[in-house]
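User: I have a new structure to go through. Can you walk me through some of its contacts?

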Amino acid sequence: MADQINRALGKTMSRLPTSRLLFLFILQLSFPVFAQEPVAQAHDDRMVLVRVNDQLGSPISGAKVQLYCRTEFDFVNPTFESDDAGIAIVSFPQAGHHASITVHKSGLVPHTRRWQMAGDEVPDECTITLSPATDIGGFVKNKRGEPVDGARVALTITETSTSIFSDAGQANMLVISDQLAPITDSAGRWTYGSAPLDGNIRLQITHADYVGISEDAGSTKQEYTQSEIRKGEAVAVLSDGVRIDGTVLSENGRGVSKPRLVMKLVAEGYHPPVDALGDEQGRFRMPAVADGKYRIGCFGEGFAPKLLTINTKTDRSPFSIKLQPGRTVRIRVADPDDQPLKASVTLMQVQNDDLSFVYSSQVKPSFPTFTDSAGRFEWTCAPEAKLKFNVRSAGFGPTEVELSDDEQGDEKLVQLEREGVLVGQVIDRLTREPIDRFLLIPFDVGTSIFRPMGVVGRKGKFELPLDNLASRFPKFHLMIEHSGHKTILTDEAFGKSKSAKDVLFEMEAAEASFGIIVDAEGKPIRDAVVVLSERSTGLFKTPSMELGRVLTSSEGNFSFPAPPGDFSISATSSEGFLSENFDDHQNDLGKLSLKKWSSVKGRVLDRDGNPCENCTVIIVPRRNSAAKLPRSQTTSDRDGRFQFDRVPSVPCELWAYTRPNDKGVSENAATKKIEIPPGEQITVDVKLD
């Protein structure tokens with residue numbers, strides 16, 4: 001491994017392209033967003049060898065490997081590139097909390113791999129397989145039929161079928177935005193060449209001179225269909241809008257340099273804010289919006305924020321906005337011995353109804369988010385309102401700080417208490433020897449196992465921070481995993497304690513459970529998603545709680561630490577699916593054969609039997625039919641037709657519903673139970689209520 005890295009390092013590390021891709025699960029890990037500071041030096045990093053191959057196992061050169069890594073005070077996202085052997089050497093900060101790599105190349109579907117750097121350690125090397133993609137596209141015009149040049153088309157693509165859903169029931173998504181979002185040309189045409197072969201596609205179209213299109217609740221209905229997007233024939237129509245402009249001035253009448261403005265529609269329902277940045281002289285121009293009543297928040301460095309309400313039908317640009325000197329808030333963060341701490345400071349709440357929409361939106365005004373080396377935090381443009389902050393530092397428990405609306409100037413001391421830590425040992429039951437490199441993961445008996453908050457124990461010892469856990473689990477249990485021992489799920493519950501508690505766990509030596517995933521003809525399947533679920537401990541309210549998931553090797557192999565009791569194995573790939581139950585102490589699971597996918601097609605009809613366009617259609621395996629099998633989602637076309645090519649042949653339910661209205665409520669829906677023969681296609685028509 002070291003030799004491979006050294007050979008590849010020279011030509012790989014020097015390539016740093018700027019394009020970025022954000023590939024998300026709807027499932028969001030509950031990590032706090034910490035402040036940024038300089039990135040750790042290279043000698044503190046860990047090198048990981050990433051192989052990028054096609055579906056035949058051939059190396060792919062020139063693929064971009066984007067790293068996203070969150071540490072206590074950093075967000076690190078450099079880009080690397082695979083060489084002629086398909087190898088990229090990615091540098092992970094050792095102190096990271098969680099990380100992901102997204103691999104993408106034109107003409108291939110992007111792929112993301114994620115790790116919790118404590119609970120799921122980053123491997124020394126991994127292989128990413130990119131599958132063939134297809135082109136999608138369309139046109140953007142205005143209401144006069146003229147092509148719109150320079151419109152940005154952000155894409156959200158929900159995978160149709162082969163996603164294994166999480167406990168929260170959420171699916172995989174591709175979100176194509178920022179630099180990778182396609183831009184319309186002079187003919188109003190846009191194309192994207194890396195879309196998966198199946199999936200539901202949503203568009204978000206923006207242009208400074210037109211009212212944008214978003215397919216969220218409350219947006220204007222568009223006439224294009226999924227099939228038209230895939231044929232490159234989708235036509236989106238933008239409406240002319242009103243552009244608000246003006247100048248932001250100080251008390252003495254001078255322009256405020258680079259003011260930030262945020263504007264939001266005052267109306268029932270969800271309406272995302274739009275923002276703009278002024279120039280050096282304070283001049284600004286907002287993106288086009290539809291006529292209506294708007295709140296505008298205006299911010300400048302060193303100035304107090306100002307809010308104004310305008311009605312585009314009666315109030316006319318340009319506007320002159322005057323800002324007053326800002327309120328200064330000072331906080332000093334120290335440990336119990338009054339030594340300064342480097343800490344992150346997060347604005348949690350602004351108790352001012354008029355300003356709260358701005359500070360809670362995605363577009364936030366300038367805010368210093370960490371203390372300096374002396375532990376001091378200073379905010380010179382705070383609003384005149386009651387404020388609440390969250391202050392945290394590594395090794396110390398977080399605390400909330402409230403300031404009244406008249407507190408300013410004077411420095412407020414915040415002393416953080418050292419974090420409560422659960423300290424213990426893990427040993428082999430027979431030999432009494434310490435166990436190295438085990439995982440200690442908290443879980444709640446009523447909900448789920450929470451791997452992101454786990455820790456890695458070494459040489460038989462562990463330290464589990466308690467303060468963050470306490471905010472989620474007043475009482476929690478522990479799962480302990482090691483490749484050579486049987487997994488432990490503790491009956492004993494633990495809780496937050498400021499005094500460390502020394503505990504001892506004894507693990508029973510046991511061979512890992514392992515097997516091979518093959519297709520219906522017995523051929524090993526690479527990169528199948530394999531999920532291990534428990535069946536017999538009785539600790540969870542949710543049946544078949546997921547204990548872990550892995551990808552199969554090129555030979556189809558997978559393995560898990562010995563489960564704590566009876567368990568089930570489920571797997572999915574493009575070749576098929578399986579779900580089988582096993583008894584405690586079963587280790588060699590042998591070859592597990594995937595069943596071929598079935599397919600379902602049909603139409604969605606309204607009460608009168610007319611086809612329903614753009615309806616969401618979902619097929620869900622029934623709760624007790626099989627563990628951890630995927631649900632499928634798509635959208636009906638103009639004729640009300642839908643089709644799923646990969647559906648498990650188990651008892652399922654079909655859900656169909658219309659797009660939610662501006663209150664987020666679907667007005668028409670229907671459900672239907674279906675039975676799908678293995679490897680066959682059935683036709684199902686559903687009529688909405």
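Analyst: One term to begin with: buried means under 20% relative accessible area, exposed means over 50%, and partly exposed is in between (1.4 Å probe, protein chains only). This is a predicted model: local features need pLDDT of at least 70, side-chain atom pairs count only at pLDDT 80 or more, and totals for chains, interfaces and linings use all residues. Residues are numbered from 1 along each chain as its sequence is written, and side-chain values use heavy atoms, with hydrogens and water left out.

User: How many salt bridges does a search of the whole structure find?

Analyst: The search finds 22. A salt bridge here is a side-chain nitrogen of Lys or Arg within 4 Å of a carboxyl oxygen of Asp or Glu.

User: What does R330 form a salt bridge with?

Analyst: Its partner is E378, and the closest N and O atoms are 2.7 Å apart. R330 lies in strand β23 (residues 327-334) and E378 in strand β25 (residues 376-382), so the pair ties together parts that are 48 residues apart in sequence. Strands (E, at least two residues) are DSSP runs, numbered from the N terminus.

User: What about R51, which side chain does it meet in a salt bridge?

Analyst: That of E125, at 2.3 Å from N to O. Because R51 is in strand β1 (residues 45-53) and E125 in strand β8 (residues 125-129), the pair ties together parts 74 residues apart in sequence. R51 has a relative accessibility of 22%, and E125 has 32%.

User: Which residues are linked in a network of salt bridges?

Analyst: R332, D338, R376 and E411 are linked that way.

User: Switching to strands. How does β29 run relative to β32?

Analyst: Strand β29 (residues 421-428) and strand β32 (residues 461-465) run antiparallel, joined by five bridges. Two strands pair if DSSP finds at least two bridges between them. V421 has P465 in β32 as its bridge partner.

User: And how many bridges join β29 to β36?

Analyst: Seven, and β29 runs parallel to β36 (residues 501-507). L422 is opposite K501 of β36.

User: Last one: is Q66 buried or exposed?

Analyst: Q66, in strand β2 (residues 64-70), is buried, with 0% relative accessible area. A polar atom of the Q66 side chain lies 2.5 Å from the backbone oxygen of N77.

Terms used: Helix = DSSP H or I, 4+ residues; strand = E, 2+ residues; numbered from the N terminus. Polar contact = N/O pair within 3.5 Å; in protein donor to acceptor, adjacent residues only side chain to side chain.
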